[in-house]
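Dear colleague,

I am passing on the structure below, and my notes on it follow directly after. Please read them with the model open beside you.

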Amino acid sequence: MTVPWDERFESVVRPNLPLLEPETPLAPDAAFAALGLDSMQTVSLLVEVEEAYDIVMPDEALAAETFAGPLSLWRQVSALLPVPATGADR
């Protein structure tokens, strides 16, 4: 299974999912709630993701849909990451 996120994302997300077995792959369409993410862990996950990527989630992203699963959260995170410079920018 190919996942759209980097290893750092998974290393931040996994510890916040107490019902996800270590050997079980984190599927993009997995439901965080079914994997044990509760409201307190959601806050912890938010802080950890912001720190790991040096980003700040805008207020409008702090919605249940963003934290529904890994793919929705990754889409929000990746949208906030700086675009790497290319040679065409010079």
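Glu-10 is buried, with a relative accessible area of 18%, where buried means under 20% relative accessible area, exposed over 50% and partly exposed in between, using a 1.4 Å probe and protein chains only. This is a predicted model, in which local features need pLDDT of at least 70 and side-chain atom pairs count only at pLDDT 80 or more, while totals for chains, interfaces and linings use all residues. Residues are numbered from 1 along each chain as its sequence is written, and side-chain values use heavy atoms, with hydrogens and water left out.

Glu-10 lies in helix H1, residues 7–13 (helices are DSSP runs of H or I with at least four residues, numbered from the N terminus). Leaving aside neighbours within four places in sequence, Glu-10 is in contact with Trp-5, Pro-15 and Leu-26, contact meaning heavy atoms within 4.5 Å.

Arg-75, by comparison, has its place in helix H3, residues 70–80, and is exposed, with a relative accessible area of 55%. The C-alpha atoms of Arg-75 and Leu-45 are separated by 15 Å, the two residues being 30 apart along the chain.

Leu-45 also belongs to the largest nonpolar core, which has 22 residues and in which Leu-45, Leu-73 and Val-77 have the most contacts; such a core is a set of buried Ala, Val, Leu, Ile, Met, Phe, Trp, Tyr and Cys residues joined through side-chain atoms within 4.5 Å. H1, helix H2 (39–53) and H3 each supply at least two residues of this core, and H2 gives the most, with 4 residues.

With best regards
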